[in-house]
Amino acid sequence: MKQPILELSTIRKEFDGNEVLKSIDLQVNRGEFIAVVGKSGCGKSTLLRIMAGLEAPNSGTLVVNGKELKGRNDLAKIMFQDGRLLPWKKVYDNVALGLKKEAQKEQIDKVLTQVGLADRASSWPTELSGGQKQRVALARALIHEPELLLLDEPLGALDALTRLEMHELIEELWSEKQLTAILVTHDVEEAVALANRVILIEEGKIVLEVPVRLPYPRHRDHPLFTKLVSQILNKIMGHKRRGISTESASASLPAMEW
Ligand SMILES: Nc1ncnc2c1ncn2[C@@H]1O[C@H](COP(=O)(O)OP(=O)(O)OP(=O)(O)O)[C@@H](O)[C@H]1O
């Protein structure tokens, strides 16, 4: 079996005495797409920042490619909800940030084409729609060819149709580039549409792990899709919705093949 790309053991994180993550154990295999869901403030972004090496846990270990991480995770690039584009730089130069000069143009043109923005290289960020800005942010992460793409609620500010387009794009790029992706989202449908494993954080722990074995692109009206969304929402809301218990939905799932 291949070595996992990330192994988190008993990760604990507190801020000013407030214990946000109590004990997180998670193994992420290469090529997986994991979605992290949970109520606002449950520690999803904190967990992602710990995986990126932007935040250190108070205790526990994070192993990246077999080695304990101390400092930044060089395999990872993170994309945020607000895109964090520099308004005084054109699209091309935003994507070029941090790149070495040589072979730059070819790489940038290629990645802008991949995100569907080949014709917007000389636009200013203010001239772009919300969806286009997030495409630039995605290009900026992908240009570094990360093995691990960390997505911190990247589509949260977009309208519903643009979100659907971005789901397709993210899924295509993840599959083409054989990335490992971890997506933090409030949107349980988005999680089930994209991930092959959804994890739910509650009170600082992973309280539910749901494998999603549906082919891509996912159809939201597929009975298993709606069942899984209900299962996860039931658990988040702490009660049974539409008469489906969390036990019955998970029992019908085949085993994972990682
Ligand atoms: N740098 C920090 N200093 C102090 N408290 C922090 C810091 N970062 C996060 N927190 C606190 O940790 C808790 C978890 O925050 P986090 O952003 O990880 O949650 P989240 O699940 O991603 O929330 P949301 O879904 O609303 O974005 C919150 O109570 C937040 O105020």
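Let's start with two strands: β1 (residues 6-15) and β4 (residues 59-64) run antiparallel and are joined by five bridges. Across this pairing, L8 stands opposite L62 in β4. Keep in mind as you look around that this is a predicted model.

Now widen the view. The two strands belong to an open sheet of four, ordered β2-β1-β4-β5, with antiparallel pairing. At the edges stand β2 (18-28) and β5 (67-68), each with a single partner strand, so one side of each has no neighbour in the sheet.

Next, find the ligand. Which residues surround the ligand? They are F15, V20, G38, S40, G41, C42, G43, K44, S45, T46 and H186. Helix α1 (residues 44-52) gives the most to the shell, with three residues. Just after α1 comes G53, which takes a positive phi of about 75°.

Finally, move along to helix α4 (residues 130-142). Its 13 residues reach 18 Å from the first C-alpha to the last, close to the 18 Å expected at 1.5 Å a residue. Is α4 mostly covered or mostly open? It is mostly covered, with ten of its 13 residues buried. The buried stretch takes in K133, Q134, R135, V136, A137, L138, A139, R140, A141 and L142. Among the elements that cover these buried residues are the strands β6 (76-80) and β7 (148-152), together with the helices α2 (91-96), α3 (104-114) and α5 (160-176).

Methods
Residues numbered from 1 in each chain as written. Predicted model: local features only at pLDDT ≥ 70, side-chain atom pairs only at ≥ 80, totals over all residues. Near = placed C-beta within 6 Å. Pairing = 2+ DSSP bridges. Expected span 1.5 Å × (residues − 1). Buried ≥ 20, exposed ≤ 12 C-beta atoms within 10 Å, placed from the backbone. Contact = placed C-beta atoms within 7 Å.
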